[in-house]
Amino acid sequence: MPLRDETAPRPLRNGSCTPFEQMFDYLIVGAGFAGSVLAERLASQLGKRVLVCDKRPHIGGNAHDHFDDAGLLVHKYGPHVFHTSAPRVFRYLSRFTKWRSYEHRVLAAVRGTLVPFPSFTDAFQAMPLRGYTRLFENMLDNERIAIVLNTDYRDLIDEVRFDKMIYTGPIDSFFDYRFGKLPYRSLEYKFETHDKEVFQPGAVVVHPSESAYTRVTEFKYLTGQTHAKTSIAYEFPCADGEPYYPVLRQENAEMYRRYKSFADQLANVRFVGRLATYRYYDMDQVVAQALAVFDEIRGTRCGSGGASIIA
Ligand SMILES: Cc1cc2nc3c(=O)[nH]c(=O)nc-3n(C[C@H](O)[C@H](O)[C@H](O)COP(=O)(O)OP(=O)(O)OC[C@H]3O[C@@H](n4cnc5c(N)ncnc54)[C@H](O)[C@@H]3O)c2cc1C
């Protein structure tokens with residue numbers, strides 16, 4: 001079983017120890033914003049030893065970006081534009097990145113013409129200067145944080161010793177779908193690199209009705225990268241795939257409430273982030289939620305209770 005992705009940045013800190021040779025204060029499931037913010041806070045502010053585990057081969061969750069074969073920085077899970085009106089969130093993230101000022105403009109293709117499309121209105125809008133993954137690398141760069149990638153937490157839960165868990169994966173999966181599967185809408189992306197500097201006149205062009213795809217993103221507008229080529233992504237809606245947008249229906253809210261009532265009974269597990277709370281959150285909202293959870297943890301005594309993790 002591959003426990004570590006040797007190609008990933010800083011897969012495992014803590015010297016030569018494997019994660020299994022030591023006791024962790026926290027096992028954090030998920031290396032997206034929810035898990036990474038909490039790992040950083042717990043390690044840097046409370047001196048906790050934290051093991052972060054993600055089943056994907058990279059950190060950053062859905063905000064992960066990487067350089068494609070042509071050397072262009074692209075967003076693997078769709079275009080992510082950072083925006084917030086929360087000064088605390090902005091101040092916090094600014095510890096881990098410089099910013100590139102950016103004003104997001106979206107165009108819509110209507111009967112062959114491009115017209116402005118309403119977009120985001122927060123006070124602060126910018127992009128991390130070196131990208132999201134670099135931001136996450138800086139956030140997780142702490143000798144008290146170990147990272148294991150390519151690993152479902154269920155594959156290591158019996159082998160690793162830890163006191164508490166922070167879970168940022170899907171809540172229905174945690175409870176083995178005992179009340180049913182919470183539905184999501186998903187998206188597929190088709191990436192292309194074109195042998196020209198510019199493909200379209202803005203970062204995102206929405207195609208409301210005329211094509212199978214709904215949006216085309218050209219990443220250079222977001223990243224500010226200078227390159228002779230350009231990479232784009234076509235976005236296609238689909239029912240199956242990565243869990244992206246919760247389907248907001250009464251019966252789904254009811255199913256989530258049943259899961260939450262089970263989750264609330266687990267003293268040693270906290271459910272944080274978009275998948276664990278079955279909500280659509282923007283990145284700044286997830287960061288704010290994680291900081292609020294950290295405030296709670298810091299404000300309460302973290303005893304070493306021995307309640308079982310899996311209900
Ligand atoms: C298409 C799209 C575009 C978006 N654009 C924007 C935008 O422009 N601006 C904005 O502010 N927000 C945007 N968002 C929202 C943003 O992606 C989320 O707010 C953010 O990623 C949520 O962080 P998270 O940590 O809660 O979840 P995630 O980033 O999903 O992280 C959860 C992690 O848990 C891991 N995991 C799950 N189950 C397991 C398991 N069993 N074992 C181990 N690991 C597990 C997953 O692999 C994942 O990496 C967009 C979302 C989507 C879907």
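Below are some quick questions and answers on helices, strands and the ligand shell.

This is a predicted model, where local features need pLDDT of at least 70, side-chain atom pairs count only at pLDDT 80 or more, and totals for chains, interfaces and linings use all residues. Residues are numbered from 1 along each chain as its sequence is written.

Q: Are the axes of α1 and α3 roughly parallel or roughly antiparallel?
A: Helices here are DSSP runs (H or I, at least four residues), strands likewise (E, at least two), numbered from the N terminus. The axes of α1 (33-46) and α3 (132-140) come within 9 Å and cross at roughly 30 degrees; axes are lines fitted to C-alpha atoms, for helices over the stretch in contact, with angles from 0 to 180 degrees between N-to-C directions. Angles under 35 degrees count as roughly parallel, over 145 as roughly antiparallel, 65 to 115 as roughly perpendicular and the rest as oblique. So α1 and α3 come out roughly parallel.

Q: Which residue of β17 is the bridge partner of I166?
A: Strand β11 covers residues 161-167 and pairs with β17 in the parallel sense over 3 bridges. The partner of I166 in β17 is R270.

Q: Which residues come nearest the ligand?
A: Being near means a C-beta atom, placed from the backbone, within 6 Å. There are 34 residues around the ligand, and the nearest are G30, G32, G61, G169 and G273.

Terms used:
Pairing = 2+ DSSP bridges.
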